[in-house]
Amino acid sequence: MSKPAVIEINNVSKRFKLFNNKKDQALEALFPFIHRKHKNFFAIRDFSLEVNEGDILGIIGRNGSGKSTLMKLVAGVIQPTTGTVTVKGNLVPLLELGSGFHREFTGYENIYFYTAVLGYPKKKVLEKTKEIIEFADIGDFIHQPLKNYSSGMKARLAFAVSVNIDPDILILDEVLSVGDSVFKEKSFEKIKEFFDNGKTILFVSHSMDSIKKLCNRAILIDKGKLIMDADPEQVIEKYNALYPGKNIKALITDLD
Amino acid sequence: MLIRRFFIEGIDFLKQIYLNRFIILELTKRDFKTKYVTNLFGLSWAILEPLAMMSILWFVFTYIRTGRHTEVPFPLFLLAGLIAYDFFNKTLNSATRGISNYGFLINKVNFRAAIIPLVKIFSELILHFIILLIVALILILNGMPVTIYWLQIFYYLFAMTFLLTGITWLTSSVTLFFHDMNYIITIIMRVLFFFTPIFWEAKNIPEQYLVYFRLNPLYYLVNGYRDSLLYGIPFWHHKMDTLYFWLISMTFLLIGVVVFKRLRPFFAEVV
């Protein structure tokens, strides 16, 4: 039995034009028929993927392999150069830390600010405020401006807001890595709850343990291409085989 | 064919803005609050600044460079024109920087970036209303009659907001790619300060040159503020100026929408 696809990525390539200056970039955007000097860099190449409802999809790859670009494409923050990305349902992206939060606003104000930007009516958010604050569990800091937050606090608040407004699809790009073990535990519980409710999550992480624990499917990306799409166990095995890092013991002997 | 496509796309663009009106309202409140309410005395400085500027000009042109004969006392004449220019200048600057100001959102969330210049404009409008109230008070205390034409200020305010919307959709998107835009605007606005009838009157300009001064859309707005607050002249007394103003505003809106739409997909890559 296969569930309906909620994210369809069709032959997507993302080319970044590397310009020497921004003036050339503006001129080319305004007058596409003028071709100025630029270098091409493909962050994503001929990428096709279907994510089904209820998938907790782990995304694995080295730094610079295109994971974050892929997430931005799905979130609609950047547009594909060729191909199409279709998303069905409410999507809340959590790209990097403190994403979309205003530095000068307090955590409390940011709850309304961020959800307003995402298009959630204030009334609906008001009902959830208590849950959000409780989940974030950052004490009186909720009434402090965000610039005074530690990265862990930012992650807590961002995660608390994103999961409690109940999106259909959630993107988590390396957000849980800064949380402490207590918060991680709590977040994992919440993610499992999402899974039980048949929601979809895209989970980018360098922590193979987290991926093993949470995901029911994983993909491996390298140089913007899809290398493998299978069970988390198999994908992690492949990843470790492809990039055999020295283990700690070997490192220590090296240092000696 | 091409014009028709532009037209349909433009209407759709504006419709999307309308659908986002609640977000605009919410963001405007927050924007105003961070700018003027969070720092101590923030609002008082914002109000004092134009009043201080007016006092300086009033002092210079009353005691140092005298010989100005205006129908109404010169300070009031100056005040009515200056607040129009000041609102335009301040809003143009803040809305142009708007998108880069909200850069932290652009590359994290997919949302209608076109609402940001509007948010900045509305945020400045709140301040402008407060200044207008103070100006009204000053006029009354100086014995100026309160007339029905005072309400006409809303027409000119709407006209100015309309013009600013088009211009700042253009400037706020271009400035992301071309930072020098900010300096160009500063220079243009400084030139316009002298070429707009703020501390001089249009009737002192020889007829054959006046036509060039009237090409400046601020000419219409500054005179309009005076017509409303001081002279009680309705806007339909200036048919040609009104027609010209709306034509140029529509042109700016069209250019603003087209340029903004073209550049929008690349925002996240440059902010």
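How many nonpolar, polar and charged residues are in the lining of the largest pocket? The legends below take up this pocket, the interface and the confidence of the predicted model.

**View 1. Lining of the largest pocket, by residue class.** In this predicted model, the lining holds 17 nonpolar, eight polar and four charged residues. The volume of the pocket is about 660 Å³. Its lining comprises 29 residues, and those closest to the pocket centre are A:G76, B:N110, B:F111, B:R112 and B:R264.

**View 2. Elements at the largest pocket.** Chain A contributes β5 (91–95) and α3 (107–118), and chain B contributes α1 (2–19) and α12 (239–263). Each of these elements gives two or more residues to the lining.

**View 3. Interface of chain A and chain B.** On the chain A side 34 residues are in contact with 27 residues of chain B. About 2,700 Å² is buried between the two chains, with 66% of that area coming from carbon and sulfur atoms. For the complex, the predictor reports an ipTM of 0.74 and a pTM of 0.83.

**View 4. Salt bridge between A:K14 and B:E269.** The closest N and O atoms of this pair lie 2.8 Å apart. Three salt bridges are found by the rule across the interface of chain A and chain B.

**View 5. Confidence along chain B.** The mean pLDDT of chain B is 87, and 97% of its residues score at least 70.

Terms used: Residues numbered from 1 in each chain as written. Chains lettered and ligands numbered in written order. Predicted model: local features only at pLDDT ≥ 70, side-chain atom pairs only at ≥ 80, totals over all residues. Heavy atoms only, no water. 1 Å grid on protein atoms, 1.4 Å probe; cavity = no way out; pocket = protein on both sides within 12 Å on 5 of 7 lines; lining within 4 Å. Points joined across faces, edges and corners; volume = space filled by probe spheres on them. Helix = DSSP H or I, 4+ residues; strand = E, 2+ residues; numbered from the N terminus. Nonpolar A, V, L, I, M, F, W, Y, C, P; charged D, E, K, R; others polar. pLDDT = per-residue confidence, 0-100. Contact = heavy atoms within 4.5 Å. Buried area = accessible area lost by both parts, 1.4 Å probe. Salt bridge = Lys/Arg side-chain N within 4 Å of Asp/Glu carboxyl O.
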